[in-house]
Amino acid sequence: LDPQCDAQRTGINYLDWHADYYWGESVSWVRNHIETALGGAGEPLAALATHLILSEKSPHLLVRDIPDETPYLSSHTWVLFCQYVMHMEKITPGSSRQLSYTQIMFLAFSPPKGRWKTFLGSPQAAVPILDWAVVNGVLAPRPRYNLQAVNTAIDTLNAQRTRLTGSLEAFAKPVVSLRETARDDLRRVYPDNPWLDAPILMWLPDNSPFSEDRHFEGIYTGPQHSFTDLHMADRLDVTSTTWHSSHATVKYQEMAKRFHLLGRIYNVFSQAFDQKLNQLKAAYRESICYWLSQLTLPRREALEYGHIRFFSLSRPGPSPRAPASVGRFGVLLQVTYLSDQHFYECFPRQLLIRPRRDLDARQLKHAVDTGTRQPWMRFDWAAYEHGDWPADLASLEANTDVLIRAFGKDLPEAIEVAPLDAQGRRVPRTLDSPRSHALAQTLLSHLLEDGLALR
């Protein structure tokens, strides 16, 4: 097939499976394309040739059960996967093909130790990182890279991993509540008091014969509240003479001496809510940019330099006076770049963007301009309204009760575009470019608009 087979690290003859044509595609698609390209000698021989070539040059492409959702070359998960396959092949050639993708990733994510830890510190482990850096526009393609370029790639990858780890932590942390905010504020002022949540406070009129300084056990049967309850209601008043404690050692009047150190609960809660909201927005923004960076190069280039319009879907209310129900969990994009025009559905909650090749620009324009429902509309309304995982396009039925409206500000076509690199392509740094952040911000504003209105 190729007398100079060893001259190319990731190719044979004219075929290079690290070329931008394959970036972001599924591994099964890449592997099938290699077999097709070698199919001149017949299908059985092409399959055998592909297996032998990949065994020597790219054994990670022969690992079993790699999910189609795993983008080829463009994600840092792929970097770790390739590193562990290289580690296994270095110890025992052919061993990686005995494990599935899930098994390899379980081992790769384990705390590094022994030979695996040693391998991660070796120059060989930097090869997948350099490939990732070229795919993501961090480095320009070069035959060889100096130490500074290698460190740039490693630092950029680690910085993204750190930001994504912070995003996962922000998503996992529960949304702040008024009770939690009040309790935390009380603990700040009374760090050693274990009775802040205990229902030990009772309200007694000024002329009551009972008080916290007198005996009342078994006599008072009314409702009791905690210091957290009163702080939530902004009722911890230093001048109050009607609140009394049923606890022998925790007295309201003694606690009241430090009430001035507490914050106004609604101000404290507003600050805590804003902090959590900003954390969620930053987490979503980082995740969306990461998700965009895993698309194929033509799609990334169009999103980076093309003209983008945003559309929302809504459904009329049950009566003419009822407000329309807006699908906050999905956005329809129209991307125009050079002579190409594409449509995408974006679902930020699932970090999913999928092309809609069935949509027509003229039909969409007519539906938006007239504000009417059209017979060609096929959308998964549950995904837009409730955030459900979108159904497959092939299973969607016509739903003519939705309306499409433009929203937000268009992202205009770039006035200046990056020059072509040595291989005649433009590789945007999608993972953290200003355009990616602007796109993510518009998606977030639509997703969170109802929540922001509640403030």
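Axes are lines fitted to C-alpha atoms, for helices over the stretch in contact, and angles run from 0 to 180 degrees between N-to-C directions. Helices (H or I, at least four residues) are DSSP runs, numbered from the N terminus. The model is predicted, so that local features need pLDDT of at least 70 and side-chain atom pairs count only at pLDDT 80 or more, while totals for chains, interfaces and linings use all residues. Residues are numbered from 1 along each chain as its sequence is written, and side-chain values use heavy atoms, with hydrogens and water left out.

**Packing of α3 and α7**

- The axes of helix α3 (residues 76–91) and helix α7 (residues 147–172) come within 11 Å, and they cross at roughly 115 degrees.
- In the contact (heavy atoms within 4.5 Å), α3 takes part through H76, V79 and L80, and α7 through L157, Q160, R161 and L164.
- These contact residues divide into four nonpolar, two polar and one charged, where Ala, Val, Leu, Ile, Met, Phe, Trp, Tyr, Cys and Pro count as nonpolar, Asp, Glu, Lys and Arg as charged, and the others, Gly among them, as polar.

**Nonpolar cores**

- A nonpolar core is a set of buried Ala, Val, Leu, Ile, Met, Phe, Trp, Tyr and Cys residues joined through side-chain atoms within 4.5 Å, buried meaning under 20% relative accessible area (1.4 Å probe, protein chains only).
- The largest such core has 50 residues, and those with the most contacts inside it are W17, I34, L61, Y72, W78, F81 and L139.
- At least two residues of this core come from each of α1 (27–37), α2 (43–57), α3, α4 (101–108), α5 (114–120), α6 (126–135) and α7, and α3 gives the most, with eight residues.
- A second, separate core of 26 residues includes W291, I308, V335 and L443.
- Leaving aside neighbours within four places in sequence, L139 is in contact with residues including L130, Y145 and A153.

- T181 lies in helix α8 (residues 178–189) and is buried, with a relative accessible area of 5%.
- Beyond its neighbours within four places in sequence, T181 is in contact with V176, I265, V268, F269 and A272.
- K276, placed in helix α11 (residues 265–292), is buried, with a relative accessible area of 6%.
- K276 and A170 are 106 residues apart in sequence, yet 8.1 Å apart in space, C-alpha to C-alpha.
- Not counting residues up to four places away in sequence, K276 touches A170, K173, P174, V175 and V176.
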